[in-house]
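Subject: Handover of a structure

Dear colleague,

Please find the sequence and structure below.

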Amino acid sequence: MSSFILGLDVGTTSVKAVLVESDSRSVAATHSLPTDSDLSDSSGVKAKEQDTGRIIDSVNRCLDALPADKLQRVSSIGLTGQMHGVVFWKAKSGCDWSSRDFFTARNTSQLITWQDGRCSSDFLSSLPKPDSHQSVATGFGCATIFWYMKHRPEFLEGFTAAGTIQDYVVSMLCGLDGCVMTPQNAASWGFFNTSSNRWNENILKGASFPLHLLPRCVSSGSLAGQTCSSWHGIPAGTPVGAALGDFQCSVYSCMSARTDAVLNISTSAQVTFTMPADFKPPDSPEPSSSIAYFPYFDSLYLAVAASLNGGNVLATFVEMLTAWMRELGVEPTDSCFYEKLINCALNQETSDLTVNPTILGERHNPLCLGQVTNISASNLSLGHVIRALCRGIVSNITSMMPAERLQQAGVRRIVGSGSALARNEVLRQEVEKAFPQELVYGQNADSAVGVAMVLCDRL
Ligand SMILES: Nc1ncnc2c1ncn2[C@@H]1O[C@H](COP(=O)(O)OP(=O)(O)O)[C@@H](O)[C@H]1O
Ligand SMILES: O=C(CO)[C@@H](O)[C@H](O)[C@H](O)[C@H](O)COP(=O)(O)O
């Protein structure tokens, strides 16, 4: 009887679960659900938080939708998800297993996500200099913890462990005392040296940082433990991989040659390619560079232009339209908004309207917010606006990772992944116009498949 590997991606917008058949490496079942977990920012500090309880409820509903007979034959579990963010919990009591076959969140904070904007440039420059090639930006776990130390120290006192949302799930599944984290996620928190794979403990200690909240680092592709209880029919004692980063997993799912680059558009967007095996990152951060170097597997690095403005820009546009309609007394039925908007833009092949869609700024240029220019009386239709928005999202990515940079790196082909790209033909058309390289769309190109493949290959 064949066995299956469960891959689970706890994304910013949705949770995706796949079952990969171990021998054939084929996808046997898949399900995805929006988490609807965004919390509105009532604090006025540009907070971007998500409801941890709702995220875990979505994980539970997503797993319930997978075939029960296959879940019983899961031989290992891999977790991936949104990087950079931080959730706090009380070790040993961070969840409730009283429903027996699944857990719900308990005694946790909300998830402060990578989109969080509470750390201003002034605040970030007041932090100690990291011993790392990576700079620290708002929305990075360590920066968020520093922010709480300064503004709400009593908040931190209530918790004994912290991690990304995918680390939290791993920790609860395995009943761990604390949190384990791979370098892929640790690098996304800042104050982590990827050459030594160690936190900057001395620097952090010198700044009175609560060191007990730093997860224990284990290598990418290793196990975190075994499930401490039966979970949606998956037997207790099933091995669980330490959680991985979602962009590394999307790369793993679809990069078949060193001459491939991967363009992923989901809530955010990234273009990435593998650096040569002998690449060593610079000694110190380059905060003004739009390209960062993130650990992949073993000692390999990925060069990545990680844009904060991907599918979320379109989602914000849909939310804005919905809010305007309500203000005008029309109750919108949101379900087919995307389809209609995409169709409008498919009928408008070009537009002279220009949208720079950086509504969240970018890490290398946080103050450069969105702009609409070249507005005329004849380019105001929804078709023009959506066409210009999609072109703007893609132009922003290519400005961060120019086609020539890809050429210099020997990239010959771009593999497209991510559901915002898969579901939006206008975005795909704009991508095809923007890159001179051949463009292919990866089959099963997503992070949930990627993390399952990692377990298949490495455990
Ligand atoms: N019905 C739809 N049609 C086309 N695009 C959509 C639709 N619904 C959501 N999207 C896009 O997909 C994005 C979310 O993609 P998803 O892969 O679920 O994100 P994540 O992996 O970050 O959780 C949204 O920001 C939005 O741009
Ligand atoms: O910011 C980076 C890397 O620095 C992103 O690429 C990273 O994948 C983060 O996890 C994303 O921003 C969140 O991923 P997603 O939910 O948009 O798929």
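Predicted model: local features only at pLDDT ≥ 70, side-chain atom pairs only at ≥ 80, totals over all residues.

Residues are numbered from 1 along each chain as its sequence is written, and chains are lettered from A and ligands numbered from 1 in the order in which they are written.

An unreviewed UniProt entry places the annotation "domain: Carbohydrate kinase FGGY N-terminal" on residues 5-250. UniProt positions are given in the numbering used here, feature names are shortened, and annotations may be inferred rather than shown by experiment. This span is 26% helix and 25% strand, and its end C-alpha atoms lie 16 Å apart. Helices (H or I, at least four residues) and strands (E, at least two) are DSSP runs, numbered from the N terminus.

The ligands. Ligand 1 has 16 residues around it, of which Gly11, Ser266, Thr267, Gly311 and Tyr338 come nearest. A residue is near a molecule if its C-beta atom, placed from the backbone, lies within 6 Å of it. Helix H10 (311-327) and helix H14 (419-422) each supply at least two residues of this shell, and the largest share, four residues, comes from H10. By class, the shell around ligand 1 holds four nonpolar, eleven polar and one charged residues. Here Ala, Val, Leu, Ile, Met, Phe, Trp, Tyr, Cys and Pro count as nonpolar, Asp, Glu, Lys and Arg as charged, and the others, Gly among them, as polar.

Ligand 2 is surrounded by 16 residues, and the closest are Thr12, Met83, Phe247, Ser266 and Thr267. Two or more residues of its shell come from each of helix H9 (246-254) and strand S21 (301-307). The shell around ligand 2 comprises five nonpolar, ten polar and one charged residues.

Two packed helices are described by the angle between their axes and the distance between the axes. Axes are lines fitted to C-alpha atoms, for helices over the stretch in contact, and angles run from 0 to 180 degrees between N-to-C directions.

H9 packs against helix H16 (residues 447-458) at about 75 degrees, with the axes 7 Å apart. H9 is therefore roughly perpendicular to H16; angles under 35 degrees count as roughly parallel, over 145 as roughly antiparallel, 65 to 115 as roughly perpendicular and the rest as oblique. The contact of H9 with H16 has six nonpolar, four polar and one charged residues.

Helix H11 (residues 337-346) and H12 have axes that come within 7 Å and cross at roughly 90 degrees, which means that H11 is roughly perpendicular to H12. Their contact divides into seven nonpolar, one polar and one charged residues.

Helix H12 (residues 382-400) also packs with helix H15 (residues 425-434), at an angle of about 45 degrees and with axes 9 Å apart. H12 is therefore oblique to H15. Eight nonpolar, two polar and three charged residues form the contact of H12 with H15.

Yours sincerely
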